[in-house]
Amino acid sequence: MSDAGTAPLTILLAGLGGQGVVTAGDLLIAAALHEGYEVKKSEIHGLSRRFGSVSCQVRLGSPLHSPLRGHGGIDILLALEGYEALKQLPYLKPEGVGLVNEFWLRPAAIQTGTETPPSREDPRLQWFPGTTQAQELEAPRSLNYYMVGVVSEWLPLSETSWEQSLAEGQRAKAAPTNRQLFERGRAAARALRRRGPRGVPR
Amino acid sequence: MKSAQTWLMSGNQAIARGAYEAGVTVATSYPGTPCTEILESIARHPGIEALWSTNEKVAYEVALGASFAGARAMVSMKHVGLNVAADPLFSSVYTGVNGGLVVVVGDDPSAASSQNEQDSRHYARAAKLPMLEPSDSQEARDLVLAAFELSERFDTPVLVRLTTRICHSKTLVRVGDPPEPRTPTGFIRDFDKYVLLPRQAILRHRALEARVEALAQYAEAADWNRVEWRDLRVGVITSGLAYQYVREAFPHLSVLKLGQSWPLPAQKIREFAAQVDEVWVIEELDPFLEEQIKALGIPVASEGWIPRVGELTPERILHSVEQRAPQPMQLGDPSIPGRAPRICAGCQYLGVYTAISRIGVRVAGDIGCYTLGSLEPWNAIDSVVCMGAGIGTALGMEKALGDRVRGKLLAVIGDSTLLHSGLGPLLDLVHNRGQTTVLVMDNSTTAMTGLQGNPANGQTALGQSGPGVNLEKLIAALGIEWVRVINPYDLAESEEVLREALDHPGPAVVISRAPCLLLKRRETVQQAHLTEEACTGCGECFQVGCVAIERQELAGRPAPLINHDLCVGCTLCVQACPEGALQPRRLVPDLVELETCLTPAQPR
């Protein structure tokens, strides 16, 4: 399914500090490198902290120049939390797809009642029960593996590359659960794509 | 993540790798986003003296001394740090170097973690030293190596300019071999070179002007300034990360990529311009290249198109060029609430700012986690300018307003910032008979940049530990007689001591002391709990500003909802509650409800 000469694909990963957004980006990078793609990754450091906004961009394919794209330049948005997904929507191409974990942590502004929550209705967004699934396996911290499984269905990366990526740099204790969540995410995404086909966004 | 000798590295890591391969002996820095990880990464390489200095000026001078001694040396800092180090920068361009000296500066377009978005390329022209600008991690590694060669060849410090997206983006880097061992030559006395008396300064200035000529000539053939011929209708001149954006946005156009942004290769630019129908100059922040190119008599068709505020993206460049006008920086959809950075649950600052907001004073702030005290609900800080500015600006207000502000002025500064650039202002306060009160927030670390060592905690970049400076004695030695230490977790005491300090005739210093919560993962033994019937909805608990205190409605009144995943049991909200409705409850391990905040909730 892969072709290392393919046009660049840009994935924006977003979520909250502590959810494993950067690790999820590293998993994508590892798989893409194994597949022989050129890769670039852009991270945001600095003021993010636990439960603060965290995002990074992963780009693969060629020719690859910029490590990031701006508004309207993202093919796939992978979000681990609802508001973070809505915040990043301007980056998504009109024909792009947003894969979002069904989990909302209300920002402070909403808690104090000064602002109203925005609509979650955007036809590009697809919702996945990652948090519920991770809790079912008593591994809330492995949610990112579920969502990487989800996005894997949209990426031109082989089974071997994912095997390789998942085997790299893991704590042995968590590995089986992480693997299981990855598979669940992958299965959920596959089922969704069978029901209502939505091609790899270009 | 390696494959043979190709590694995926951030720009910061690549800079460190380049310095290591260049055989750097001494590397210095003061932490600051986006450059903090350069020194952290260098410290992990063998055989390098890596130092966190008290501030960027000292860092610069230590690196310069190492260079005088014949060692290769590198100093790295964020853009505003270069302002602090500007004095030795300008004069070291006169003395020149012995061992190569490379100065790495990280600009922060969009001011993601900074108080301004200055373009540090101006320093190269103002101080007259060469500046190299990498556009990815590979070039960051390569150009650091080249910068050391350039430094020694032309007897000058060399600036390497990064931007946040270079520092924090990861791209593949072909690395080279570890360095051959180098022995510094030792310091060789050379009066006319190293002693800048007026006569020597004039002689050195003459030599400097000749050096700049030679550097400009060298730039003509340097391989880091390269032409890529494509469509000749437009030729784009660019540098740094803007080059990658240009390639992404206009893959078909010819490009002159300048790896050296000062001094420019004038001939090369003229020749490039002569081959294309029109010239565009696309660069991030100021029109630094554009103005120099126009000064060469070359018309720049893109004049006025490129945004000068906020960072660029390929899309932003495309849009601006299409519209022939800069696309304004987009500050995010206002209908989606942001997540402003918050002070951690249970941090000492919560107590101090609750006390300050109860007293009601004018507060000149400073730079660190405690800057967040300027936000809701405390609104406790009224000015934040730069590192160390709080004490001086408070003294200035006092001198301007006299009795009108007596007992109503407070300067707030952290331990690391006090040692960075607050001691001079504190001494000034004493010397000039000020009466401003200074609150030192001592959390025993440089917290906001990621818990680096500093002279207050005695930790070095190489992991040595020892006693830090005794702040009470240090402050007393400056001539301040009224010094008190408070426990910031005692709300009543904090308020009382602060009031006393403000009333004191003469300068007074209050030290609020508690270690940063992130230093040690302490076990939470108790947490706050609400007795619903006792809550009257007065809202005092919300004024503590703790992220663990969420808001709920009880019987039509606002009431606290304690997030027990975040609460560390500091009891500040318990002390703030006038009704006793919030009480600490000891934790029984089985009853810990860790999942509280992880329960999926739908937006209303």
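Colleague: At what angle do helix α11 and helix α14 of chain B pack?

Modeller: Two packed helices are described by the angle between their axes and the distance between the axes. Axes here are lines fitted to C-alpha atoms, for helices over the stretch in contact, and angles run from 0 to 180 degrees between N-to-C directions. Helices (H or I, at least four residues) and strands (E, at least two) are DSSP runs, numbered from the N terminus. In this predicted model, local features need pLDDT of at least 70 and side-chain atom pairs count only at pLDDT 80 or more, while totals for chains, interfaces and linings use all residues. Residues are numbered from 1 along each chain as its sequence is written, and chains are lettered from A and ligands numbered from 1 in the order in which they are written. Helix α11 (residues 241-249) of chain B packs against helix α14 (residues 314-323) of chain B at about 65 degrees, and their axes are 8 Å apart.

Colleague: Which word describes the orientation of α11(B) and α14(B) to each other?

Modeller: Angles under 35 degrees count as roughly parallel, over 145 as roughly antiparallel, 65 to 115 as roughly perpendicular and the rest as oblique. α11(B) and α14(B) are therefore roughly perpendicular to each other. Their crossing is right-handed; a crossing is right-handed if the near helix is turned clockwise from the far one by less than a right angle, and left-handed if anticlockwise.

Colleague: Which residues of α11(B) and α14(B) meet?

Modeller: Two residues are in contact if their C-beta atoms, placed from the backbone, lie within 7 Å. B:Y245, B:V246, B:E248 and B:A249 in α11(B) meet B:P314, B:I317 and B:L318 in α14(B). By class, this contact of α11(B) with α14(B) has 6 nonpolar, no polar and 1 charged residues. Ala, Val, Leu, Ile, Met, Phe, Trp, Tyr, Cys and Pro count as nonpolar, Asp, Glu, Lys and Arg as charged, and the others, Gly among them, as polar.

Colleague: How do the axes of α15(B) and α19(B) cross?

Modeller: Helix α15 (residues 348-359) of chain B and α19(B) cross at roughly 50 degrees, their axes coming within 9 Å. That angle makes α15(B) oblique to α19(B). Here α15(B) contributes B:G351, B:V352, B:T354, B:A355, B:I356, B:R358 and B:I359, and α19(B) contributes B:L491, B:S494, B:E495, B:L498 and B:R499. The residues of this contact divide into 6 nonpolar, 3 polar and 3 charged.

Colleague: How many helices and strands does chain A have?

Modeller: Chain A has 7 helices and 6 strands. Of its 202 residues, 53% count as buried.

Colleague: Which residues of α1(A) and α6(A) meet?

Modeller: Helix α1 (residues 21-35) of chain A and helix α6 (residues 159-167) of chain A pack at about 130 degrees, with axes 8 Å apart, and are therefore oblique to each other. A:L27, A:A30, A:A31, A:H34 and A:E35 in α1(A) meet A:S161, A:W162, A:Q164 and A:S165 in α6(A).

Key
Buried ≥ 20, exposed ≤ 12 C-beta atoms within 10 Å, placed from the backbone.
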